Amino acid sequence: MIRRAMHLTYRTARRIAVLAVGSTVVLVGVVMLVTPGPGLVMIPVGLAILSVEFAWARLWLRKVRESISNQNSKNHAERAERHRGRT
C-alpha cells in the first residue's frame, strides 16, 4: 500500500517537474522569437522535454520535425535547381 502511494507520488512529481521545465523552455523560445536568441531551436527542445511525459507534446514535436524536414528538402531542391541553371 505504501509502495503504491510512493509510486503515484513519484509519478505525479515527475510529471509536474517535466511540465514546469518543458513549459519554461518553450516559453523562453517563444520570447526569443522577438528578442535576440535561438528561439527556433529552443521551442523544439522544450517540446522534446515535454514529450517525455505528454503524448500531445510528442505529436507537436513530430509536426515540427516534419515541417523542418520539408523546409530543408525544399531549400535543397531549390539550390540544386539554381546550380543546374548556372552551367
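P44, L47, A48 and L50 in α2 meet W56, A57, W60, L61 and V64 in α3, where contact means heavy atoms within 4.5 Å. This is a predicted model, in which local features need pLDDT of at least 70 and side-chain atom pairs count only at pLDDT 80 or more, while totals for chains, interfaces and linings use all residues. Residues are numbered from 1 along each chain as its sequence is written, and side-chain values use heavy atoms, with hydrogens and water left out.

**The chain as a whole**

- The secondary structure of the protein chain amounts to three helices and zero strands; helices (H or I, at least four residues) and strands (E, at least two) are DSSP runs, numbered from the N terminus.
- Along the sequence, the pattern reads α-α-α.
- With a radius of gyration of 19 Å, well over the 12 Å that the globule rule gives for 87 residues, the protein chain is more spread out than a compact globule. The radius is taken over C-alpha atoms, and the globule rule is 2.2 Å times the number of residues to the power 0.38.
- Taken along the principal axes, the C-alpha atoms fill a box of roughly 75 × 30 × 15 Å.
- Of the 87 residues, 18% count as buried; buried means under 20% relative accessible area, exposed over 50%, and partly exposed in between (1.4 Å probe, protein chains only).
- Among contacts with a separation of 6 or more, 36% are between residues 24 or more positions apart.

**Helix α1 against helix α2**

- Two packed helices are described by the angle between their axes and the distance between the axes.
- For helix α1 (residues 2-34) and helix α2 (residues 39-50), the angle is about 165° and the axes are 7 Å apart. Axes are lines fitted to C-alpha atoms, for helices over the stretch in contact, and angles run from 0 to 180 degrees between N-to-C directions.
- α1 and α2 are therefore roughly antiparallel to each other; angles under 35 degrees count as roughly parallel, over 145 as roughly antiparallel, 65 to 115 as roughly perpendicular and the rest as oblique.
- The crossing of α1 past α2 is left-handed, a term used if the near helix is turned anticlockwise from the far one by less than a right angle, with right-handed used if clockwise.
- On the α1 side, the residues that meet α2 are V18, L19, V21, G22, S23, V25, V26, V28, G29, V30, M32 and L33. Their partners in α2 are G39, L40, M42, I43, V45, G46, L47, I49 and L50.
- By class, this contact of α1 with α2 has 16 nonpolar, five polar and no charged residues. Ala, Val, Leu, Ile, Met, Phe, Trp, Tyr, Cys and Pro count as nonpolar, Asp, Glu, Lys and Arg as charged, and the others, Gly among them, as polar.
- I43 lies in helix α2 and counts as buried, at 19% relative accessibility.
- Leaving aside neighbours within four places in sequence, I43 is in contact with V26, G29, V30 and L33.
- I43 and S23 are 20 residues apart in sequence, and their C-alpha atoms are 9.4 Å apart in space.

**Helix α2 against helix α3**

- α2 and helix α3 (residues 55-86) pack at an angle of about 145°, with their axes 8 Å apart.
- α2 also passes α3 in a left-handed crossing.
- The residues of this contact of α2 with α3 divide into nine nonpolar, no polar and no charged.
- A57 is in helix α3 and is buried, with a relative accessible area of 0%.
- Not counting residues up to four places away in sequence, A57 touches L47, L50 and S51.

**The loop between α2 and α3**

- S51 lies in this loop and is buried, with a relative accessible area of 13%.
- Beyond residues up to four places away in sequence, S51 touches A57, R58 and L61.
- E53 is also in the loop between α2 and α3, and E53 is buried at a relative accessible area of 18%.
- Setting aside neighbours within four places in sequence, E53 is in contact with R14, R15, V18 and R58.

**Further along α3**

- A57 and N72 are 15 residues apart in sequence and 22 Å apart in space, C-alpha to C-alpha.
- R79 is found in helix α3 and counts as partly exposed, at 48% relative accessibility.
- R79 and S51 are 28 residues apart in sequence, with 34 Å between their C-alpha atoms.
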